[in-house]
Number of protein chains: 2
Amino acid sequence: MEGEPTLRLRIFDLNCWAIRYLSKRRQERVRLIGDTLRREGFDLVLLQEVWSERDYSDLKVKLAGCYPFSHYFRSGVIGSGLCVFSRFPILDTLLYQYSLNGYPYMLQHGDWFCGKSVGLVIMKISGIIFNVYVTHLHAEYCRDKDAYLPHRLVQAWELAQFIRHTSKAADVVLLGGDLNMHPEDVGIRLLRGWTGLRDAFAEATRFEGCKNGCTLVPDNCFTDKSELLPFPLGIRIDYILYKAISSFTVKCEELKTTTGPAPGMDIPFSDHEAVMATLHIQRRGQPAGATLGAADLALVDVVTEARTEVGVGLRAAQRQRYSSGRMAVLALLLLLLQAAAALGTLAGLGAEQPFPKLSFCLLAFLALGVLVLTTGLHLFHTMEVKMLHGTEDQMCMALRALQERPSEG
Amino acid sequence: MEGEPTLRLRIFDLNCWAIRYLSKRRQERVRLIGDTLRREGFDLVLLQEVWSERDYSDLKVKLAGCYPFSHYFRSGVIGSGLCVFSRFPILDTLLYQYSLNGYPYMLQHGDWFCGKSVGLVIMKISGIIFNVYVTHLHAEYCRDKDAYLPHRLVQAWELAQFIRHTSKAADVVLLGGDLNMHPEDVGIRLLRGWTGLRDAFAEATRFEGCKNGCTLVPDNCFTDKSELLPFPLGIRIDYILYKAISSFTVKCEELKTTTGPAPGMDIPFSDHEAVMATLHIQRRGQPAGATLGAADLALVDVVTEARTEVGVGLRAAQRQRYSSGRMAVLALLLLLLQAAAALGTLAGLGAEQPFPKLSFCLLAFLALGVLVLTTGLHLFHTMEVKMLHGTEDQMCMALRALQERPSEG
């Protein structure tokens, strides 16, 4: 078994923070990222927040020599921001857009417009089939009162389900990306428990980089220091996860993160640190049996916890659906009332016009505006309710399956 | 080999046309469908257009005895309308919502609000793993000038990709649903070619029902006769498709459709006819080798044809994105101009007010309305462009893979 040849794979993962017009020194940093990738010669590069297709094209041209294969995932208004560069041929791709991703009216957060997704690329390296997933989940803007937690949990669940259902023919599964969750958060535990993925940072034989593997650190000149006040060392929200499915083993030999400024430069690649893993993949004699049991019990707890949080989100969405619907009905009533008054005046029922024309018109426009807006909101929250409800259903089904597993064999 | 036991599976598929407040005699028909399903005892029931969760719950209660397992797929504003009833346990489910599905402003068509999706349920029957897909694609409102063709093609492609990527551990794949495409349409050829699915109607040993297997027929009292004028026999747009993946064979022993009124009743189940298939599934000695070659060549043609249509849609979407963007800019300019005039008047620059207040206000509101509307449209068409472009990319990649296949071995 030990004699089997080993495949060594070097992976680079980075949230590039390349938002046109908004991100500081974007072009310079994208050039820097491209130069480094070309020099370092990784096997596989997983990037997020490459929002501009132009930046992707520039990188593609620059990296054509050492990474001849690449894919950019398109979705949403702005794009998914996800792309992959590879030394090895990409055989197939698939994109899954998360069903929930924040609110269109939260313009200052903007996640909704990005069409957050998970991208899958399938590759065959030395006869081993790799399913490589790259993703970026909804940001966390306020940890104490995280209004987006249910959405992020739905995304973590959909990510886990997508990986489980699409990786059945894979030998090795890799996931890289900005998950916007701390290592102990319920979403990460759900994702890891439900897919069996292992955390490269926790498994690495050698580690080098920011303390605790943090990828959003106060030392980085682009991070918002006030957001990181409760976490003086920074937080770890960018991950490389992996697992071997069939008769293979994967080991993480080394994990590195960048630590602020790029070597020999005055700026870092991004406001996030890059994560770089060196994996060893080896064929082994027999397929590993499922080693569940105790893990199953822990998983039941995690799924239950996630389901509770989704339930909280569901009730909030139902309240919002109700209040926007009520507001729409009120606006409609006001409009009808005004129409009746106007018709009455036209028909000469009222002796004189009761309101000044201008305020009457303004009021009608206001009512119309409120009607359109609240109807839109009502539709949106109806969708949100459906999705949260659907996820809750799926989690219930998963819990049943987990609890019945021993009897099924 | 012949001695191996055979599994016989009876499948029922129907677009139920159960739209609350809109579909004629809905409750009566849902009751009728439930009664028939209970009496006939199929193994697997795939329903579409069950828009109301209430109808689903009623069916679930009624069918609990003979179909103890069921799943309703939630998505979109109204729902996906998709549900499954089964005699056998459902092990897992997954929903994939199509990235394009018509236009929100085409209220009279309403497809956009339905969140058209494909639902997957996984079952294990007699040790055989079944991946069962149920779906409903975008309707065709005008065959001669079908504005939705690119969207439906994107859906057919996403459906095919979703099936390919999620069915790798399945022994048998089943797909049932209203595909809204005629058997010879490019979308059907793409779906069948790219997944290897076979058409139960074409393969059936025995057939009974409407001529040519049509499922939308003029004899049905609920169909729109004028739409079917060019097709006096009707059209076939509801399908049961299947394939065996590993060491199994599937044969369609019998295919039936309903023919208008339900037995002993004055009304049919729906405006669509139901499709009922009896499949024989048998284990065979050796896994079947891939028998491609000539099929590959035909597939190249189909993918090329589909890609051309998607390209046509892409250019139309780009034009709409451009014109809505231009309109938004014009509205914004008008608003700015008005703001400048108003400020000028306030500052006492103009000797007297140039416009009557009311028309000035009305114009401002009009400009604001146009701005909001066209900005929304612009965002929507930007998403549409991204999705069409992404699909075109994927199809190109598929073409390259198909053309390189012989050299790869």
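A salt bridge is a side-chain nitrogen of Lys or Arg within 4 Å of a carboxyl oxygen of Asp or Glu. In this predicted model, a search of the whole structure finds 45 salt bridges over all chains.

In one of them, B:Arg87 pairs with B:Asp43, and their closest N and O atoms are 2.5 Å apart. B:Arg87 sits in the loop between strands E4 (83–86) and E5 (90–97) of chain B, and B:Asp43 in the loop between helix H1 (26–40) and strand E2 (44–50), so the bridge ties together parts that are 44 residues apart in sequence. B:Arg87 is partly exposed, with 42% relative accessibility, whereas B:Asp43 is buried, at 7%.

Another salt bridge links B:Arg189 to B:Glu305, with 3.2 Å between the closest N and O atoms. Because B:Arg189 belongs to helix H4 of chain B and B:Glu305 to helix H6 (residues 294–346) of chain B, this pair ties together parts that are 116 residues apart in sequence. B:Arg189 is partly exposed at 32% relative accessibility, and B:Glu305 is partly exposed at 35%.

B:Glu254 and B:Arg206 also form a salt bridge, their closest N and O atoms being 3.3 Å apart. Here the pair ties together strand E12 (residues 248–257), which holds B:Glu254, and strand E10 (residues 206–208), which holds B:Arg206; the two parts are 48 residues apart in sequence. B:Glu254 is buried, with a relative accessible area of 16%, while B:Arg206 is partly exposed, with 42%. In chain A, salt bridges with shared partners join A:Arg8, A:Arg206, A:Glu253 and A:Glu254 into one network.

The nonpolar residues come next. The largest nonpolar core has 90 residues, and A:Leu179 and B:Leu179 touch the most other members. Beyond its neighbours within four places in sequence, B:Leu179 is in contact with residues including B:Leu137, B:Leu159, B:Ile188 and B:Tyr239.

B:Asn180 has a positive phi of about 55° although it is not a glycine. B:Asn180 is in the loop between strand E8 (172–178) and helix H4 (186–195) of chain B, and is buried at 10% relative accessible area. A:Trp17, also not a glycine, has a positive phi of about 45°. A:Trp17 lies in strand E1 (residues 6–18) of chain A and is buried, with a relative accessible area of 14%.

A:Met327 is part of helix H6 (residues 294–346) of chain A and is partly exposed, at 43% relative accessibility.

Conventions. Residues are numbered from 1 along each chain as its sequence is written. Chains are lettered from A and ligands numbered from 1 in the order in which they are written. This is a predicted model: local features need pLDDT of at least 70, side-chain atom pairs count only at pLDDT 80 or more; totals for chains, interfaces and linings use all residues. Side-chain values use heavy atoms; hydrogens and water are left out. Helices (H or I, at least four residues) and strands (E, at least two) are DSSP runs, numbered from the N terminus. Buried means under 20% relative accessible area, exposed over 50%, partly exposed in between (1.4 Å probe, protein chains only). A nonpolar core is a set of buried Ala, Val, Leu, Ile, Met, Phe, Trp, Tyr and Cys residues joined through side-chain atoms within 4.5 Å. Contact means heavy atoms within 4.5 Å.
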